Amino acid sequence: MPDTCSTSLTAFDDFVAPPCSDFVEILYQDDDILLINKPSGLLSLSGKNPLNRDSVHYRLVHGQEGVSPAFPEAKLPHRIDFGTSGVMVVGLNAASAKHLNKQFQARTVKKCYIAMLEGWVADDQGQISAAIAKHKDYFPLVKVCPVMGKAATSEYSVLQRLEQPRRSLVQFTPLTGRTHQLRIHSQTFGHPILGCDLYKNDHSEQMAERLLLHASDLYFEHPTSGEPVHGHCPCPFS
């Protein structure tokens, strides 16, 4: 049976990450969790390819010389994409990581992102609903597919419209957590994220030196105290 949701984009799975000179910044620390700022251009987890050993997890477990100590039991209950920067929560022991994992699975964690999009978004706020499926022919791409895809919804609000060239600074709140959700949703409604190499138009990738997507805010329950936690990391390009 033919693929009813085909795409003309191509990608390859032999990616080797270039060296990342920016360090993982610790925003908050207690006995159970870290809040960190992941730099753009760093993997969350080490890849299978030994050339992709460097990652957030590797640096936390082994320490960053002159910057931060080793956290040998550190675990990542969630990840953000290689090109995305911003706030992540880290579990420092098995119990806290398990509790955080349950919160992400139950979708009780609220995440907010800042992105710079190509062109002017017409509406000041809105919602993008487009089902997302893995692209079996072009890993790691995903595709919008109402037939085979899983439901995916992203809310957005325009923070600023800029000239020369026309672009829009927006805040995204994903209501689901699909792979590459914000990147493909942005492309789907005609305003790809600047610097994105996978979901783009003829010129959006060349308009920025990095993916202009930043995880700015994270809201969750502390795994030990049960108190609400708001992790915030200012956006470097807004």
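1. Is His180 buried or exposed? At a relative accessibility of 10%, His180 counts as buried, where buried stands for under 20% relative accessible area, exposed for over 50%, and partly exposed for what lies in between (1.4 Å probe, protein chains only). His180 sits in the loop between strand 9 and helix 3, and its phi is positive, at about 60 degrees, although His180 is not a glycine.

2. A word on the basis of these remarks. The model is a predicted one, in which local features need pLDDT of at least 70 and side-chain atom pairs count only at pLDDT 80 or more, while totals for chains, interfaces and linings use all residues. Residues are numbered from 1 along each chain as its sequence is written, and side-chain values use heavy atoms, with hydrogens and water left out.

3. On the overall fold, the chain holds 3 helices and 11 strands, with helices (H or I, at least four residues) and strands (E, at least two) taken as DSSP runs and numbered from the N terminus. Read from the N terminus, the order of the elements is β-β-α-β-α-β-β-β-β-β-β-α-β-β.

4. On overall dimensions, the chain has a radius of gyration of 18 Å, which agrees with the value near 18 Å that a compact globule of 238 residues would have; the radius is taken over C-alpha atoms, and the globule rule is 2.2 Å times the number of residues to the power 0.38. Along the principal axes, the C-alpha atoms fill a box of roughly 45 × 40 × 40 Å. Of the 238 residues, 47% count as buried, and among contacts (heavy atoms within 4.5 Å) with a separation of 6 or more, 61% come from residues 24 or more positions apart.

5. The 22 positive and 25 negative charges have mean positions 7 Å apart, with Lys and Arg counted as positive, Asp and Glu as negative, and His and the chain ends not counted. Each charge is placed at NZ of Lys, CZ of Arg, CG of Asp or CD of Glu.

6. Strand 1 (residues 25-29) and strand 2 (residues 33-38) run antiparallel and are joined by 4 bridges, where two strands pair if DSSP finds at least two bridges between them. A hairpin of 3 residues leads from strand 1 to strand 2, and Ile26 has Ile36 as its bridge partner in strand 2.

7. Glu73 lies in the loop between helix 1 (56-62) and strand 3 (85-91) and is partly exposed, with a relative accessible area of 46%. Leaving aside residues up to four places away in sequence, Glu73 touches Gly91, Leu92 and Asn93. Glu73 and Ala94 are 21 residues apart in sequence, and 7.5 Å separates them in space, C-alpha to C-alpha.

8. Two further loops deserve a look at their backbone geometry. Arg107, in the loop between helix 2 (94-105) and strand 4 (110-118), has a positive phi near 60 degrees in a residue other than glycine. In the loop between strand 8 (153-162) and strand 9 (167-174) lies Pro165, and the peptide bond that reaches Pro165 from Gln164 is cis, with omega near -5 degrees.

9. Helix 3 (residues 181-188) is largely enclosed by the rest of the structure, because 6 of its 8 residues are buried, namely Gln181, Leu182, Arg183, Ile184, His185 and Ser186. Gln187, which also belongs to helix 3, is partly exposed, with a relative accessible area of 24%. After helix 3 comes Gly190, with a positive phi near 90 degrees.

10. Strand 10 (residues 213-221) pairs with strand 11 in the antiparallel sense over 5 bridges, and Phe220 stands opposite Val229 of strand 11. The hairpin of these two strands has 6 residues between them, and Gly226 there takes a positive phi near 80 degrees. In a regular strand, side chains alternate between the two faces of the sheet.
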